[in-house]
Amino acid sequence: MIPDWLVELVTGTEDLDALLPQRRVVELPMITRFRGITSRQALVFRGPGGWSEFSPFVEYAAPEAARWLAGALEFGHRPAPPPLRDAVPLNGTIPDCPPQAVPGLITRYPGAGTFKIKIAARGITSLDTDLARIRAVRAHAPAARLRFDANAGYPLADAQQLCAAIAELPEVGDWLEYIEQPVAAVEDLARLREWIAARGLPIRIAADESIRKADDPYRVAALGAADVIIVKAQPLGGAQHAAEVVNGCGLPAVVSSALETGIGLRAGALLAASLPVDSAAEAIFAGPPACGLGTGALFAGDIIAGTTHSDGDGGLGCGLLPAGRTAPDQELLDWYTADAAAHAWWDARVRDCLQVLRAGC
Ligand SMILES: O=C(O)CCC(=O)c1ccccc1C(=O)O
Ligand SMILES: [Mg+2]
């Protein structure tokens with residue numbers, strides 16, 4: 001399960017300076033609350049393969065964070081998968097917000113032809129405000145294709161109620177790509193798909209947490225639980241494993257971020273650019289699927305030039321992210337460097353995760 005190069009790397013040395021050269025913990029302020037946070041900490045380092053990032057959310061325990069470390073080490077120490085395209089299209093990510101905030105958020109994603117809207121922050125009780133947010137995006141980006149992400153926010157019966165309401169939206173089959181993880185359990189995803197099919201509703205289901213946090217991501221495909229899978233390079237232990245999951249599931253895949261800095265977003269772009277677009281993906285997305293890698297726009301600043309919404313140099317300005325590595329800007333890196341306590345906390349966390357990885361070697 002743990003690849004040979006990783007076994008060698010994590011058993012070869014205790015020295016964090018060798019594993020994570022030039023490491024630095026940064027803290028980036030966000031423009032809006034997302035996933036309950038308003039700033040994002042990340043440990044970045046310059047491996048022999050290039051700059052990489054280790055950034056599991058702070059509340060994640062070592063067993064889960066260890067997979068993120070495997071992903072971070074892969075991106076920093078190994079060659080990236082060969083890209084089939086120079087850049088990948090992005091979706092704009094619209095967080096849980098009042099409809100009045102939608103136009104301003106849309107302007108942070110110039111060139112985006114697809115938007116992903118967070119819903120279900122308060123389960124089915126937020127249905128009216130969710131629908132108002134969806135209508136606001138439809139009104140301000142009428143040509144855009146949309147996705148909704150419920151982050152497992154409903155029990156099955158409420159997810160059915162949601163789908164019934166969504167199916168009533170005008171021409172929904174023309175612009176809705178999928179609803180992401182409406183329910184938590186993979187069995188319930190499968191039941192919901194059956195319920196949708198029995199009614200002939202024009203709604204597809206995507207699996208995110210059922211891939212990224214599952215012991216067995218292949219159950220999604222085995223149970224027929226999704227039309228599309230969401231894959232994230234760092235949480236899945238790196239691009240290699242993520243590509244294996246995509247191949248093993250045999251379903252169209254959308255690459256998304258884990259709210260990384262501009263460094264880690266490029267691991268996602270390289271993964272996405274390495275995935276062929278088959279006829280099933282072509283039928284849904286009419287080309288390479290837009291990636292959820294535009295989340296740099298949710299930060300008030302970043303450590304690389306070109307990630308934030310205001311920079312349009314062939315990056316986000318045209319709704320594309322280059323499928324190539326990048327490096328931090330030294331001044332920005334210094335500006336966003338976190339305090340000594342944060343550095344000590346992240347070093348301790350790396351050591352805990354290394355123990356988990358070594359136990360699996
Ligand atoms: O996919 C996107 O558009 C943005 C990324 C995103 O939503 C996300 C970011 C961090 C953690 C979880 C998620 C998620 O997809 O649920
Ligand atoms: Mg999601």
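**Reading the packing**

Analyst: H6 passes H8 in a right-handed crossing; a crossing is right-handed if the near helix is turned clockwise from the far one by less than a right angle, left-handed if anticlockwise. Helices (H or I, at least four residues) and strands (E, at least two) are DSSP runs, numbered from the N terminus. By the way, this is a predicted model: local features need pLDDT of at least 70, side-chain atom pairs count only at pLDDT 80 or more, and totals for chains, interfaces and linings use all residues. Residues are numbered from 1 along each chain as written, chains are lettered from A and ligands numbered from 1 in written order, and side-chain values use heavy atoms, leaving out hydrogens and water.

User: At what angle do H6 and H8 pack, and how far apart are their axes?
Analyst: Two packed helices are described by the angle between their axes and the distance between the axes. Here, helix H6 (residues 156–167) and helix H8 (residues 186–199) pack at about 35°, axes 10 Å apart. Axes are lines fitted to C-alpha atoms, for helices over the stretch in contact, and angles run from 0 to 180 degrees between N-to-C directions. Contact means heavy atoms within 4.5 Å; among the residues making it are Cys 163 of H6 and Trp 195 of H8.

User: What is the strand order in the open sheet?
Analyst: Two strands pair if DSSP finds at least two bridges between them. The seven strands run S5-S6-S7-S8-S9-S10-S11, with parallel pairing. S5 (91–94) and S11 (253–255) are at the edges with a single partner strand each, so one side of each has no neighbour in the sheet.
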